[in-house]
Amino acid sequence: MGISIDVGSTGPDYSYLFQGLSSSGGSLGNLNFLSDYAGIKNGSYGKLMKAYYGTAQDMATGKSSSGKSGRTSNILDKILEEKMHPKVSKEAQKANANLTSGLASLDSSLGTLRNDNTYTDSTDGRSAADKVVSAVKAYVTNYNNVVTTAKESTLTNKTAYVANMMSATAANADKLSEIGVTVNANGTLMLNEGKLKETDISKVQDLFSSDNVLSYGSMISSRLHFAGSVSGTTSTGSTGTDDKTASGASSLKADSQALASDALYQKVKDKDGNETDEYDIKKIFATAKSFVSNYNKMFDAAESSSNSGVVANLSYIREKTARNEDALKALGISVDGKGRMKIDEDTFKKADMSKVQEFFKDYGSSIATNASLVDYYMTTQANAANSYTAGGAYNVQGSSRYTGTV
């Protein structure tokens with residue numbers, strides 16, 4: 001018998017805000033979009049337009065603006081004040097509190113599905129199959145509560161990650177369907193308990209695997225981690241990091257570019273200045289070792305950032321590394337469960353350097369691009385937020401162009 005856990009909304013349906021968002025790169029757009037929506041909802045845009053067009057109309061009709069410029073300035077000041085310190089209704093305050101607690105509950109139920117003990121029989125007589133069914137039911141219920149509450153919340157840092165989480169769920173709709181979980185049109189989930197009970201629990205375990213960084217469970221865990229680590233109504237916040245973070249990302253960019261360059265793989269010359277068939281393996285290994293060190297350093301320092309640009313680009317780097325895990329392993333570079341790298345000197349030095357160069361031409365260049373953006377958001381955009389400027393213009397976080405990418 002199927003159990004419908006589709007949670008409805010008693011207010012206006014804003015589910016379209018969360019549909020069609022990219023699972024890998026949606027967070028930046030989500031933050032800007034949701035912040036714009038909040039500005040429309042609380043009336044800031046309307047007041048700004050009235051002030052602007054009221055002044056424009058006076059100028060067009062030749063009416064004196066004496067005494068009116070002060071009132072216009074006051075209106076803009078008020079808009080700025082409301083933007084920085086928005087008034088939150090009791091309903092929104094309740095939704096914010098429910099979203100915060102809901103995210104914690106969802107994280108807990110997800111943790112159960114990512115725990116290997118869930119998939120083994122218990123000494124108290126509970127079978128693994130029964131535990132899995134119970135865990136999936138709890139996950140679906142908590143997931144739907146979060147999705148529904150997020151639509152009424154003003155915590156845009158959290159709702160942006162909820163939207164990104166929903167996009168990841170939509171991308172895994174076929175796999176979820178295999179275990180009896182359907183993704184509804186409004187983004188909520190519906191569980192067919194009968195189908196779940198007939199499913200091999202190994203499918204559920206693989207779907208929520210904590211060992212695979214690209215599994216559905218890992219993707220949701222990542223979104224929940226960052227959604228739970230931030231608060232407030234602005235779209236971005238301070239990262240709380242120092243210049244060492246930026247230097248890690250900047251150095252990783254430099255190492256990535258070096259490993260992708262032709263210069264590093266120039267053949268060694270003999271004492272007469274003639275080119276040999278030998279590579280400067282010692283130099284190449286030193287660069288690869290530095291790459292691994294700065295890769296880990298960047299993640300150690302930036303992983304807890306709440307800046308959406310940092311989060312998105314770290315996610316891209318993780319996924320690129322996971323897709324190339326076998327190729328990296330062949331070069332002596334392994335990746336542990338936490339996503340940190342380790343290099344084996346003997347294996348690397350025995351590798352064909354022409355293949356090392358070929359690999360990093362693609363992988364290294366790609367990592368350099370995202371590392372440069374991590375550096376950019378950690379330094380230039382660390383404290384940036386979507387806001388109205390003193391002149392009434394709207395400043396969108398991340399709108400400046402950054403030319404230091406590959």
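In this predicted model, K267 lies over the face of Y279, at 5.0 Å from the ring centre; a charge counts as sitting over a ring if NZ of Lys or CZ of Arg is within 6 Å of the ring centre and within 35 degrees of the ring normal. Residues are numbered from 1 along each chain as its sequence is written, and side-chain values use heavy atoms, with hydrogens and water left out. Local features need pLDDT of at least 70, side-chain atom pairs count only at pLDDT 80 or more, and totals for chains, interfaces and linings use all residues.

Contacts between rings come next. A pair of aromatic rings is described by the distance of the centres and the angle of the planes. Across the whole structure, twelve aromatic pairs are found (rings of Phe, Tyr and Trp, the last by its six-membered ring, with centres within 6.5 Å; planes under 30 degrees apart are stacked, over 60 edge-to-face, the rest tilted). One of them joins F291 and Y363 edge-to-face, at 6.2 Å centre to centre and 65° between the planes. Because F291 belongs to helix α12 (residues 281-302) and Y363 to helix α16 (residues 353-379), this pair ties together parts that are 72 residues apart in sequence. Helices here are DSSP runs of H or I with at least four residues, numbered from the N terminus.

Y363 also pairs with F359, in a stacked arrangement with 5.0 Å centre to centre and 20° between the planes. These two residues are four apart in helix α16 and so are separated by about one helical turn. F359 has 13% relative accessibility and therefore counts as buried (under 20% relative accessible area, with a 1.4 Å probe and protein chains only). Y363, at 3%, is likewise buried, as is F291.

Ring pairs link F291, Y295, F299, F359, F360 and Y363 into a cluster.

How values were computed: Buried < 20%, exposed > 50% of the residue type's maximum accessible area, 1.4 Å probe, protein only.
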